Amino acid sequence: MSLLRVEGLTKHFPAREGFLGTATIHAVDDVSFEIEEGETFGLVGESGSGKSTLGRCILRIIEPTAGRIWFDDQDLTALRGEPLRTTRLRLQAVFQNPMGSLNPRMRAGTAIAEPLRVHLKMTKVEAESHVHELLARVGLHAEVAQRYPHELSGGQCQRVAIARALAVEPRFLVLDEPTSSLDVSVQAQIVNLLKDLQGDLGLTYLFITHDLSLVSYLADHVAVMYLGKIMELGKALEVLERGSHPYTRALFSAVPVPDPGRKRGRIVLPGEIPSSLEPPSGCRFRTRCPWAQERCAQEQPLLRDVRGTRTACHFAESIVEEVSA
Amino acid sequence: MKALLEVRDLSLDFETEGGVAKVLDRVSFTVSESEVFGLVGETGCGKTVTALAILRLLPSNAKIRGGNVVFLGEDLLLKSEAEMNRIRGIRISMVFQDPATSLNPVYPVGEQIARVVMVHEGVERGAAEERAIALFRRVGLPDPENLLRRYPHELSGGMQQRVMISMALACRPKLLIADEPTTAVDVTIQAQILDLLMELRREFKLSVLLITHNLGIVAETCDRIGVMYAGTMAEVASTQDLFREPLHPYTQSLLKALPRADARGHPLASIPGMVPSLLEPPTGCRYHPRCSFAMPTCSVRRPELLEHRASHAASCLLYEGVTQ
């Protein structure tokens, strides 16, 4: 059963342009997917693809323009006031920059105790012993509770941020690039920790990242976004290894592989990501797609089943044949 | 192959408020002519400082304690500032990580390149601008004539980095130092920039010192690689040898820590502990407190960077014992 279901989610931001008139940033446009309980759902894409905006809409940090988000059969977008507050405790987040997401003037222990005091109405003493449990859970020594963020390393800060997110016993975590500011060896520690926590606590993850090797290592399902739209969606290895959308192919072929013996056909995409103020008509990827045809400019491709994944491309079958040939 | 640049036993300290940080400890490597040499390592390992030391662009609190930087047979550490000015940008140039802060925001990009050519080669403005246009065209920037009058903020990150590359090549250097040239851009743009660098390297017969933390990038672009750890050179080898048969325990752990599809379901290898403070680096081998193969001597004796296989050097006592 799916724990989280996103239906037709759209987020437009108003943008001022010149003296007159306004423009619209199409950050996320009509996106739908489901996340199973206990799985890791990878959301990948380059800057400006809308992946972080999508994560923030799910958390209701920002309000979606349209669409529905179902969490445990409850419509999150319809909740207001107290029900929203209590339901939202079930969904927590860990962000990219751990130093930035912790209050520099607050000791790590106080930061972790805050949600316990505010939401679970714990007394100071109760919270304190709980903080020590949480610190142990994320592999930190109890003495870290007395430290300020600047006294901790990036990896330690990220562990504190994870402990804080876990304090209110959520079921679902939005992990927005949680390891991209960390070195490889520290990233490995944090990724292992997240996997362990998921196994022990039965957590469900939405893992937002631009790091495709990370997704291939830990995601069960993956959605590839480009300019606010899902290009391809499916089981992680199906998408990564046998994806049929030309953007998926190009994206994965662009990742440098730490294996000098392996030579792959690289598809180097021309040009840059267009502005989300005026996304291209039809298929948003068409301006950089080496296979684009007239139909791509006129008709927006919808997600459909192609060779074991769901792909939004009119010509997926023939492109896969050509690339594999 | 002839050596173009030879860094020999380079040691340097930073004098900080907290004490003396021993930032580089006897770092050695060679970049041959027309070679791409990759310098990899995690944050704070000293790879950028090494590059800045080569160009003598170190901050004023840096003190070089010993070693040589031999470029085309001459020690750059013995050169006067005036002599260095005739080497920087002409014989050796550098591309930095963040093009947005490397370009001057108040001058058009064409002006910035033209000035490099005018200052270094004493040519007229018209000729310098012609050169800038040709370079813009060569690095694949659209509408180069018009671009001459554009300001950095009007360009995307990928375009800014192309401008930086064209500026670095303006005086046809022998050696290009590229410090994390693609860290600030997306993967599809990264692929474009790396392809461009590799094309230009052949065309201009450049040697490249590529600094990065990305092991994928070095695997795909470099001929040889040096792995740095906490201010020391852990291992130097050809790209094939380094990935096929890494000798240093640090390199081995680093490669195992990389997430990849075929490791699914298994925990990633992680290195216990943290990178040490360089104010008080560990005695002996700087990696020994985190090394799973550490022996009692490792905390006492400093390993030498020695060739334990043909053209494959590592600084690790495990191998010194074997070879003796």
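**Exercise 1. Which residues are buried in α4(A)?**

Keep in mind that this is a predicted model. Let's take the helix step by step.

*Step 1: find the helix.* Helix α4 covers residues 108-119 of chain A, 12 residues in total. Its first and last C-alpha atoms are 18 Å apart, close to the 16 Å expected at 1.5 Å a residue.

*Step 2: pick out the buried positions.* A residue counts as buried if 20 or more other C-beta atoms lie within 10 Å of its own. In α4(A), A108(A), G109(A), A111(A), I112(A), A113(A) and L116(A) are buried.

*Step 3: see what lies over them.* The cover of these buried residues includes α5 (124-137) and α6 (154-166) of chain A.

*Step 4: look just past the end.* Just after α4(A), K121(A) has a positive phi of about 50°.

**Exercise 2. Work out whether the length of α7(A) agrees or disagrees with 1.5 Å a residue, then find what its buried residues pack against.**

*Step 1: check the length.* Helix α7 of chain A runs over residues 184-201 and has 18 residues, so it should span 26 Å at 1.5 Å a residue. The C-alpha atoms at its ends are 25 Å apart, which agrees.

*Step 2: list the buried residues.* In α7(A) these are V184(A), S185(A), V186(A), Q187(A), A188(A), Q189(A), I190(A), V191(A) and L194(A).

*Step 3: name the neighbours.* The buried residues of α7(A) pack against α6 and α8 (212-218) of chain A, together with α11 of chain B.

*Step 4: step off the helix.* Just after α7(A), G202(A) takes a positive phi of about 65°.

**Exercise 3. Describe the side of chain B that touches chain A.**

*Step 1: count the residues.* On chain B, 38 residues are in contact with 32 residues of chain A.

*Step 2: assign them to helices.* At least two residues each come from α8 (187-203), α9 (215-221), α10 (239-244) and α11 (249-256) of chain B. The largest share, seven residues, belongs to α8(B).

**Exercise 4. Trace the four-stranded sheet of chain A.**

*Step 1: write the order.* The open sheet reads β2-β1-β4-β5 in chain A, and its pairing is antiparallel.

*Step 2: zoom in on one pair.* Strands β1 (residues 2-16) and β4 (residues 66-71) of chain A run antiparallel and are joined by five bridges. For R5(A), the bridge partner in β4(A) is W70(A).

Notes
Residues numbered from 1 in each chain as written. Chains lettered and ligands numbered in written order. Predicted model: local features only at pLDDT ≥ 70, side-chain atom pairs only at ≥ 80, totals over all residues. Contact = placed C-beta atoms within 7 Å. Expected span 1.5 Å × (residues − 1). Buried ≥ 20, exposed ≤ 12 C-beta atoms within 10 Å, placed from the backbone. Pairing = 2+ DSSP bridges.
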